[in-house]
Every structure is written in structure tokens, then in C-alpha cells.
Amino acid sequence: MSVCPCRITPPSVSTQDSSASYEDCCQPYHESLAAPDAERLMRSRYSAFVLQLPDYIVKTTVPAQQALLDSDAIAQWGKDTDWAGLEIVQHRPKLGKRHAQVEFKAYFHTDNGVQAHHELSGFVKITDKDKQARWYFIDPTVRMTVSQKQPCICGSGEKFKRCCGMYL
Ligand SMILES: [Zn+2]
Ligand SMILES: [Zn+2]
């Protein structure tokens, strides 16, 4: 049993995370289980980059953005990056009715030592037609042609600017 990629942190980072195995951590989400909160989804997306599971990255992005993602480029990026670990800086699990934010550092090796992507990501909980609620990543790099006053891309029925637009 190997340690889940999302539970690995560089030696310079102190963390209280237990070293859960992949089987006990991200694998169930990669197989089909709905992540119960934004932090779990963030962790499982990081692990999916490390393990090169681009389909999981696509499937956990807001459905309206999925067709605009390039899964080959996602796979290539995951492969070209020499990942060094993940640190969750802060998880804000409930922002308004359906949003959450996760601040994290994704570490990678470079010729000049370990560096980090430090990001604050937005997530939205969407209830599908089977009444199951799932968390999705709101990808700020995807160009959406929706205007601020149009209905939101998440299907909430609210105006974009009052909903996911606040997290892009
Ligand atoms: Zn994990
Ligand atoms: Zn929305």
C-alpha cells in the first residue's frame, strides 16, 4: 500500500496529516464516490494530476466548462511536472448557499529546488437530476462567454455575477 499522492508533503512543510494509503484516501473518489466536501475534491484532483487521470480532472470541473477543457494537455502537464506534494493551507467549506474555497500549495521539483503553485480555488455544489449533490471545481482559466447578468453556468438559476462569477 503506497501513500496517497495528496498526503505527501515536502520535508520543509510541517503537517499533521496522517499518511493515508491511496486505497483509503483518493482512490474511492477516482473510482466513483462523490467527494463529501471541497477539500476532498481538491485532494483527489491533485492526486489525479499526479497519477495522470485526466478524465477525473474533466469530470470534476463544472459541467458547463467540461467541453472546453483539453484532456490531452491536462495529461501532458501532469506528466511533465515532477510533483513534490500538497499542502492544504485553508479550507472554507461553506460560502453562501453552494460555494467553498480551498487555498493550497501544490509543490513540484525544479532545477532550483522545490517550488509551489499557491492557489485559491473556488468550488460549487451542484445537485444533479438524480438529486445527488456533487462538488465541482470552477476553472478560472476556461474562457466562458457568459455575461454577468446571464443565468449562472452551474445551473443554480441565479445570475452569474452573484453566483460562480464571484469565484472566477
Ligand atoms: Zn489522497
Ligand atoms: Zn453558479
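Mentor: K97 is exposed, with a relative accessible area of 67%; here exposed stands for over 50% relative accessible area, buried for under 20%, and partly exposed for values in between, using a 1.4 Å probe and protein chains only. The model is a predicted one, in which local features need pLDDT of at least 70 and side-chain atom pairs count only at pLDDT 80 or more, while totals for chains, interfaces and linings use all residues. Residues are numbered from 1 along each chain as its sequence is written, chains are lettered from A and ligands numbered from 1 in the order in which they are written, and side-chain values use heavy atoms, with hydrogens and water left out.

The side chain of K97 meets that of E158 in a salt bridge, 3.3 Å from N to O. This pair links distant parts of the chain, 61 residues apart, with K97 in the loop between strand 1 and strand 2 and E158 in the segment after strand 4. A salt bridge here is a side-chain nitrogen of Lys or Arg within 4 Å of a carboxyl oxygen of Asp or Glu. Helices (H or I, at least four residues) and strands (E, at least two) are DSSP runs numbered from the N terminus.

E158 is partly exposed at a relative accessible area of 24%. R98 also forms a salt bridge with E158, and their closest N and O atoms are 3.1 Å apart. R98 lies in the loop between strand 1 and strand 2, so its pairing with E158 ties together parts that are 60 residues apart in sequence. Through shared partners, the salt bridges join K97, R98 and E158 into one network. R98 counts as buried, with 17% relative accessibility, whereas K97 is exposed.

The search of the whole structure finds three salt bridges. One of them brings together the side chains of R43 and E39, at 3.1 Å from N to O. R43 and E39 are four residues apart in helix 2, which means that about one helical turn separates them. R43 counts as buried, at 2% relative accessibility.

Strand 1 (residues 83–95) and strand 2 form a hairpin with three residues between them, and G96 in the turn has a positive phi of about 70°. The two strands pair in the antiparallel sense over nine bridges, where pairing requires that DSSP finds at least two bridges between two strands. Along this pairing, Y107 of strand 2 is the bridge partner of G85, and I88 stands opposite F104.

Strand 2 in turn runs antiparallel to strand 3 (residues 113–127), to which 12 bridges join it. Two residues lie between strand 2 and strand 3 in their hairpin, and V114 of strand 3 is the bridge partner of H109. Nine of the 12 residues of strand 2 (residues 99–110) are buried, so this strand is largely enclosed by the rest of the structure. T127, found in strand 3, is exposed at a relative accessible area of 51%. The C-alpha atoms of T127 and H99 are separated by 13 Å, and the two residues are 28 apart along the chain.
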